[in-house]
Amino acid sequence: MANLDVQIPDLKLNDGMSIPLIGYGTGTAWYKSDSGGGIDRKMVDATKIALKLGYYHLDGAEVYNTEAELGIAIKESEVSRGKLFVTTKVITNIKDIPNAIDTSLKKLQLDYVDLYLIHSPFFASSDSDLQSAWAAMEKVKADGKAKSIGVSNYLLPHLTATMKTAKVTPSINQIEYHPYLQHRGHDGPLLSYMKEHHIANSAYAPLTAVTKAKPGPLDELYADLAKKYYVSEGEIALRWCIDQDVVAITTSGKEERLSDYLRAMTFTLTPKEINEISRVGDKKHFRGFWEAKFEEKDRS
């Protein structure tokens, strides 16, 4: 275990809020299919360990059915609210966003969240559906129930439709993002649009290239970089995000692994190394989520 005294750096969003560049996710590893299944103490305890190590950015969602656990962990950790950056997302109750945020806040035992996201755009059958939902999100922000608002899994058509009537620009778009799914890169239409409108990129599944997408063309390069910097390949994957100002969401139930991930704060990749990871990663396409919504070779 690394036992490092390091601080996760922040990224300033377009609304002036600052978000830690690494978030502790309460989804994939802790997802519960049934909200009535009782409290998962393992998830509560794992989140408390993350908080103890300095992971103050906590990423949740109503559909994970773990907001109650997240709220208990926050309360039992006794970490001051001002230190925390809490994200949750709406999709299950997307047709009633005012009720959805109130329900989430009650489960989280909080008066507000730092970031509230629409979890995906695929509920919408028209542009007006996207626009109505975003107007409801703007009301959540205006009412002080969320400091920042944003979206998740939005592609370019969803963003452009939303922006046609938006009074508040989304602060962030949380997408699956890793070297094997770069959404056609920085010059591609999605990331270019996000950069133009100062919409931050947040990556879920940032470790994909060193986990479920192995073997792949990056294996040798990641191994060489891990050896150079005396870290794991996972920490190289996190650093590739951080050095591009991409907020990385990751998780683990193991204290040792969470502690080791903090070594990603102890070095920086060179611009050449970042570009090389991107170049080699572009040789393979792998999408781990929402596969049914895309053609097999669709990299958008």
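Colleague: Among contacts between residues at least 6 apart in sequence, what share joins residues at least 24 apart?
Modeller: In this predicted model, 74% of the contacts between residues at least 6 apart in sequence join residues at least 24 apart.

Colleague: And how many helices and strands does the protein have?
Modeller: The secondary structure comes to 10 helices and 10 strands. The radius of gyration is 18 Å, close to the 19 Å that the globule rule gives for 300 residues, so the protein is as compact as a globular protein of that length. Along the principal axes, the C-alpha atoms fill a box of roughly 50 × 45 × 35 Å.

Colleague: Which strands make up the barrel?
Modeller: The closed barrel has eight strands, in the order 3-4-5-6-7-8-9-10, and the pairing is parallel. On average, neighbouring strands of this sheet are turned by 30° against each other, with direction ignored.

Colleague: What about helix 6, which strands does it lie across?
Modeller: Helix 6, residues 189-196, lies across strand 8 (172-176) and strand 9 (200-204), and it runs at about 160° to strand 8.

Colleague: Changing topic to the backbone, which peptide bond is cis?
Modeller: The bond from K214 to P215 is cis, with omega near -5°, and P215 is found in the loop between strand 9 and helix 7, residues 219-229. For background, most peptide bonds are trans, and most residues other than glycine have a negative phi.

Colleague: On phi, what is the value for N65, and is that residue buried or exposed?
Modeller: N65 has a positive phi of about 60° although it is not a glycine, and its place is in the loop between strand 4 (57-59) and helix 2 (67-77). Its relative accessible area is 19%, and because the cut-off for buried is under 20%, N65 counts as buried.

Colleague: Then Y230, buried or exposed?
Modeller: Y230 is exposed, with a relative accessible area of 71%. Y230 also has a positive phi of about 60° without being a glycine, and it is found in the loop between helix 7 and helix 8, residues 233-242.

Colleague: Over the whole protein, what percentage of residues is buried?
Modeller: Buried residues make up 53% of the 300 residues. The protein exposes about 13600 Å², and carbon and sulfur atoms supply 50% of that area.

Conventions. Residues are numbered from 1 along each chain as its sequence is written. This is a predicted model: local features need pLDDT of at least 70, side-chain atom pairs count only at pLDDT 80 or more; totals for chains, interfaces and linings use all residues. Side-chain values use heavy atoms; hydrogens and water are left out. Two strands pair if DSSP finds at least two bridges between them. Helices (H or I, at least four residues) and strands (E, at least two) are DSSP runs, numbered from the N terminus. Axes are lines fitted to C-alpha atoms, for helices over the stretch in contact, and angles run from 0 to 180 degrees between N-to-C directions. Contact means heavy atoms within 4.5 Å. Buried means under 20% relative accessible area, exposed over 50%, partly exposed in between (1.4 Å probe, protein chains only). The radius of gyration is taken over C-alpha atoms; the globule rule is 2.2 Å times the number of residues to the power 0.38. Accessible areas come from the Shrake-Rupley method with a 1.4 Å probe; for residues, only the protein chains shown count as cover.
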